[in-house]
Amino acid sequence: MSDMTTDLTPPFTSRLQSSSSLRQEQHLTMLESLPDATVIMDSHGKIVFVNKQTEILFGYPRDEMLGELVEMLLPHRSRDSHVGQRNRFMVTPRVRPMGRGLDLYGMRKDGSEFPVEIQLGPMQTADGLLVLSSLRDISERKAAEAKIQRLNDELARSNVELDQFAAIAAHDLQEPLRVISSYTTLLQMRLDDKLDDKCREFMGTVIKGTKRMSDLIRAILDYSKVGHHGLKSEVVDSAAVARTAVENLESQIASVNGSVVIGGLPAIVADPVLIVQLLQNLVNNGIKFRSKDRAPAITIAARETEHEWVFSVADNGIGIRAEDTARIFALFQRVHAAAEYPGAGIGLATCTRIAERHGGRLWVESTVDVGTTFFFSFPKP
Ligand code: ADP
């Protein structure tokens with residue numbers, strides 16, 4: 001212990017020596033063996049104690065730090081402002097991290113810099129206020145964070161590229177498909193009386209196939225657009241948006257004697273076009289996956305929680321088995337027979353994207369033969 005006390009500046013040493021209690025020695029031994037660099041300064045910013053880790057971290061021998069201002073451990077550019085910050089800390093000293101939200105740097109004896117995290121703790125002693133700082137080199141953490149950020153940026157960029165690729169491919173596929181579809185329809189009209197039943201059936205299958213492919217391409221276009229188009233942020237009357245979604249589906253709803261009730265819905269900040277698309281997809285599914293035993297009845301509602309609005313679209317349809325509820329949100333996933341319920345399996349993936357782009361999420365609760373409720377949340381502004 002003796003060599004440690006010789007490293008302390010006079011006031012601190014005398015304080016230690018005068019009381020020289022076992023407890024103080026134990027405290028110093030503890031500080032000495034801390035894994036973080038530990039610096040104690042007095043109320044004037046003078047260093048009165050450093051541990052071994054401080055020597056290792058900053059490259060100064062202990063006696064070159066003791067008695068010096070703590071600013072010697074900072075890069076030159078931040079020294080002046082640090083004096084002010086340190087004086088302010090002395091006025092209202094409390095345990096806290098230093099420079100919250102700022103990138104702090106330490107400077108070694110050789111002038112090299114490194115990012116550092118600093119915790120400050122005041123200690124009232126008989127001789128006045130001392131401040132204990134615990135400093136940690138966070139170069140590795142910063143490098144790891146930068147790497148994650150770089151990877152995330154790359155991922156976001158490649159996702160956008162993928163979406164753009166899908167959009168362009170889908171768009172370009174539409175044109176030849178239109179040609180196939182219109183010429184097959186022409187052929188069918190011209191040849192109708194010359195075709196036997198079998199050929200007529202084949203022709204019908206080709207036309208149905210082109211229609212299905214066209215729906216699929218449109219769905220892929222919608223999905224990719226949600227990914228890479230700029231998100232509008234407007235105050236949206238969600239009741240009006242729900243009415244638009246229902247009006248767009250009017251003929252489908254009427255053809256199956258369906259009904260849609262729109263409850264009290266709030267104003268939210270969102271992209272109105274995407275919210276119409278989201279609601280329209282969910283209402284459309286409510287109509288499509290209806291029970292054979294009853295006319296489809298759908299309710300759109302919303303409830304408020306502390307941080308978000310939770311919208312719900314509830315139907316009285318065929319429901320979804322519990323084991324299938326997770327996968328229906330993935331692309332091209334369908335859990336009901338395609339022959340009975342046509343579709344591309346892209347609608348819910350698009351809805352999930354819309355909710356997530358607004359900072360919300362989409363989930364489902366369902367009971368087979370009773371009905372399904374889709375929920376989506378939006379954070380409140
Ligand atoms: P699509 O409707 O084109 O098949 P979606 O992505 O919208 O694709 O839905 C995926 C699957 O989830 C559907 O094929 C269906 O099996 C199931 N599903 C979606 N909505 C409902 C609903 N309201 N009731 C029952 N099943 C549903």
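Residues are numbered from 1 along each chain as its sequence is written, and side-chain values use heavy atoms, with hydrogens and water left out. Because the model is predicted, local features need pLDDT of at least 70 and side-chain atom pairs count only at pLDDT 80 or more, while totals for chains, interfaces and linings use all residues.

The structure holds seven aromatic pairs, where rings of Phe, Tyr and Trp (its six-membered ring) pair if their centres lie within 6.5 Å, and planes under 30 degrees apart count as stacked, over 60 as edge-to-face and the rest as tilted. One of them is the stacked pair of Phe311 and Phe376, with 5.1 Å centre to centre and 0° between the planes. This pair links distant parts of the chain, since Phe311 lies in strand β11 (residues 308–314) and Phe376 in strand β13 (residues 371–379), 65 residues apart; helices (H or I, at least four residues) and strands (E, at least two) are DSSP runs, numbered from the N terminus. Both Phe311 and Phe376 are buried, buried meaning under 20% relative accessible area, exposed over 50% and partly exposed in between (1.4 Å probe, protein chains only). Together with Phe378, Phe311 and Phe376 form one aromatic cluster.

An edge-to-face pair is formed by Phe329 and Phe374, at 6.2 Å centre to centre with 85° between the planes. Here too distant parts of the chain are linked, with Phe329 in the loop between β11 and α12 (347–357) and Phe374 in strand β13, 45 residues apart. Phe329 counts as buried because its relative accessible area is 18%, and Phe374 is buried with a value of 5%. Leaving aside neighbours within four places in sequence, Phe374 is in contact (heavy atoms within 4.5 Å) with residues including Leu282, Phe311, Val313, Phe329 and Trp363.

Phe374 and Phe376 also belong to the largest nonpolar core, which has 38 residues, and they are among the members that touch the most others, as are Leu279, Leu282, Val283, Ile300 and Val313. A nonpolar core is a set of buried Ala, Val, Leu, Ile, Met, Phe, Trp, Tyr and Cys residues joined through side-chain atoms within 4.5 Å. Elements that each supply at least two residues of this core include α11 (272–288), β10 (297–304), β11 and β13, and the largest share, eight residues, comes from α11. A second, separate core of 24 residues includes Met41, Val70, Met72 and Val116.
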